[in-house]
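Okay, thanks everyone for coming. Let me put the structure up on the screen, and then I'll walk you through a few helices, a hairpin and some aromatic rings.

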Amino acid sequence: MESQTDLEARLEQHLRVLYPQHDTRSIAARCLQSIGLKGDEATPTPHRNLWTQKDIALITYADCVRRADEAPLATLHTFLHKHYQGLVSLVHLLPFFPYSSDDGFSVMDYTEVNPSHGDWEDVERLAGDFKVMGDLVINHCSSRSRWFDNYKKRQHPGVNYFFEADPDANLTAVVRPRTSPLLKEVVDEQGSRYVWCTFSHDQVDLDFSNPDVLCEFLTIIKLYLDRGITWFRLDAVAFLWKVPGTTCINLPQTHEVIRLLRLLIEHRQPEAVIITETNIPNSENLSYLGNANEAHLIYNFSLPPLLINTLLTGDCTYLKSWLLTMPPSQAGTAYFNFIASHDGIGLRPAEGLLSDWEIQSLVGTMREFGGEVSYRTGLDGEQKPYEINISLWNAMAGTSKAGPDEFQFDRFVCAHAIMLALEGVPAFYFHSLIATENDHARVANTGHFRSINRHLWDADQLESRLHDENYHHAKVLIAIGKLIRLRQRQPAFHPNAIQYILHLGPSLFAFWRQSPERKQTIFAVFNISNQPQTIPLSELNLFATQVWRDLVGGKSYEDRMTPIKLAPYQFIWLSNYEGS
């Protein structure tokens with residue numbers, strides 16, 4: 001037997017865990033061929049941070065801004081180049097493939113660009129100006145895909161691509177994110193089969209216990225890399241591997257698949273990054289960092305519900321308690337911080353962090369501000385709130401106790417200032433940077449609550465509003481743009497810089513960051529209430545030999561006894577020097 005390279009040996013080790021009954025040597029050869037590797041590639045340097053404080057992500061649909069007679073991808077590229085060049089370094093392009101439902105997450109063909117959005121050349125042009133993150137919708141595909149059509153015809157490829165289960169089996173332990181039946185019956189001339197549908201009956205789960213499916217996705221990854229996509233978001237990956245009789249979430253084999261993908265992707269492209277999308281309780285979410293050998297980044301799913309709850313209640317106790325438990329990210333890993341996305345505000349990541357009463361109060365307030373609530377079926381059969389569907393602008397309309405008020409703009413900016421200062425890579429949803437309102441008309445048109453935060457802008461109308469400061473859209477983009485540029489100059493805001501939480505009472509949320517080389521220190525203090533607050537500088541333990549300056553307001557402080565007064569939702573970034 002020929003000797004193996006280090007890559008081949010490591011790959012086969014993963015495969016033996018996943019496919020113990022198969023010839024893993026031959027599967028390894030197929031995997032390498034599928035992703036375009038020879039097997040003798042050099043091992044990338046471990047524990048590298050592939051990001052800095054300059055990195056800001058944008059989450060967007062390919063067609064969120066449109067112009068007549070122009071491909072939406074081209075329109076988006078022009079818009080981003082005009083308004084976000086220098087602000088945004090990474091564009092997370094949500095699924096841009098032909099699809100049948102769920103605004104792209106029910107993929108019919110992973111190898112083609114939806115012709116109504118543009119073509120691969122449009123994607124490549126975007127990748128020329130920004131790093132591009134693509135969605136690997138890896139758990140399921142469309143019931144209208146060629147693969148599933150072949151499954152129904154019992155033809156290749158596809159006949160053995162989908163996970164089947166016995167409808168009489170005990171599946172009560174399966175964790176569900178939806179209320180729809182788990183299994184879907186498929187009838188043909190040879191009888192009935194039941195396929196697994198974690199999310200909807202139009203989204204049929206793939207069967208990764210079949211190595212053919214793994215190799216198929218490695219071929220897809222190769223295509224994306226060849227087209228300039230270097231960041232990969234593994235959609236709904238926590239549900240990937242199924243074993244009836246278990247919860248079918250976060251199984252060891254799922255983690256093994258991610259480690260295998262990480263191994264191959266980074267050998268093909270050492271600058272590539274994997275990010276896992278696991279909308280689950282916080283402790284489970286953290287497991288996807290592995291030992292710095294799984295995801296490079298994980299979505300910080302607990303941040304949105306906890307931060308929004310903080311600003312609606314004027315009490316940061318729960319937010320502080322959570323952050324105090326969060327381990328510093330290892331070199332080569334980071335948190336992906338966001339407050340809003342194309343989905344709703346997930347409530348599972350708040351389990352164990354907010355009380356049931358707090359969650360119900362949050363749900364009630366969001367409904368008051370025009371939001372909707374989606375549900376899931378718990379293990380006891382009871383329907384539980386799964387996510388809140390609302391635009392972030394509307395979510396910041398007021399407080400839980402007093403309702404809508406005059407502080408919506410200040411509260412909205414404060415939320416993003418907190419996200420920009422926290423440890424991790426900040427990510428803005430397209431509709432948050434321009435503060436799009438609830439789109440109730442689109443909900444009525446689609447029948448889906450998530451459409452409330454998936455508005456489709458006419459490009460000329462949006463341009464007009466962004467050039468008119470009478471609209472809040474322009475005011476928000478200007479204010480947040482200034483904060484982004486300020487953040488990008490501060491080494492203490494590096495995603496992996498040290499962070500310590502400070503204790504200044506429930507109405508003042510505060511922490512300090514220190515740059516990796518320990519030259520710069522920033523004390524970030526936020527009034528998260530609708531009442532003025534005062535901070536005695538003596539409580540911040542400032543170094544007495546240095547002059548401290550608020551990077552946001554520009555004021556310097558030399559007298560350590562000077563109190564700082566913060567208006568409702570005002571904040572300071574107090575630093576011993578300003579970066580350049």
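When I say buried, I mean a residue under 20% relative accessible area. And keep in mind that this is a predicted model.

With that cut-off, let's take helix H7. Of its 17 residues, 13 are buried, so H7 is mostly covered. How far apart are the end C-alpha atoms of H7? They're 25 Å apart. At 1.5 Å a residue, you'd expect residues 252-268 to span 24 Å, so that agrees.

Next up, helix H5, residues 146-153. The buried residues here are Trp147, Phe148, Asn150 and Tyr151. Looking down the axis of H5, these buried residues fall within an arc of 155°, so they line one face of the helix.

S6 and S7 run antiparallel, joined by 6 bridges, and they make a hairpin with 2 residues between them. Within that pairing, Leu183 sits opposite Trp196 in S7.

Now, the rings. Searching the whole structure turns up 34 aromatic pairs. Take Phe79 and Tyr84: the ring centres are 5.6 Å apart and the planes are at 85°, so that pair is edge-to-face. Phe79 counts as buried at 3% relative accessibility, and Tyr84 is buried too, at 0%.

Another edge-to-face pair is Phe163 with Trp196, at 5.3 Å centre to centre and 90° between the planes. This pair links distant parts of the chain: Phe163 is in the loop between H5 and S6, Trp196 is in strand S7, and they're 33 residues apart. Are these two buried or exposed? Phe163 is buried, with a relative accessible area of 9%, and Trp196 is buried at 1%.

There's also a cluster linked by ring pairs, and among its members are Trp147, Phe208 and Phe217.

Last thing, charges over rings. Arg193 lies over the face of Tyr151, 3.9 Å from the ring centre. Lys519 lies over the face of Tyr577, at 5.2 Å from the ring centre.

Notes
Residues are numbered from 1 along each chain as its sequence is written. This is a predicted model: local features need pLDDT of at least 70, side-chain atom pairs count only at pLDDT 80 or more; totals for chains, interfaces and linings use all residues. Side-chain values use heavy atoms; hydrogens and water are left out. Helices (H or I, at least four residues) and strands (E, at least two) are DSSP runs, numbered from the N terminus. The expected span of a helix is 1.5 Å times one less than its number of residues. Buried means under 20% relative accessible area, exposed over 50%, partly exposed in between (1.4 Å probe, protein chains only). The arc is that of the directions from the helix axis to the C-beta atoms. Two strands pair if DSSP finds at least two bridges between them. Rings of Phe, Tyr and Trp (its six-membered ring) pair if their centres lie within 6.5 Å; planes under 30 degrees apart count as stacked, over 60 as edge-to-face and the rest as tilted. A charge sits over a ring if NZ of Lys or CZ of Arg is within 6 Å of the ring centre and within 35 degrees of the ring normal.
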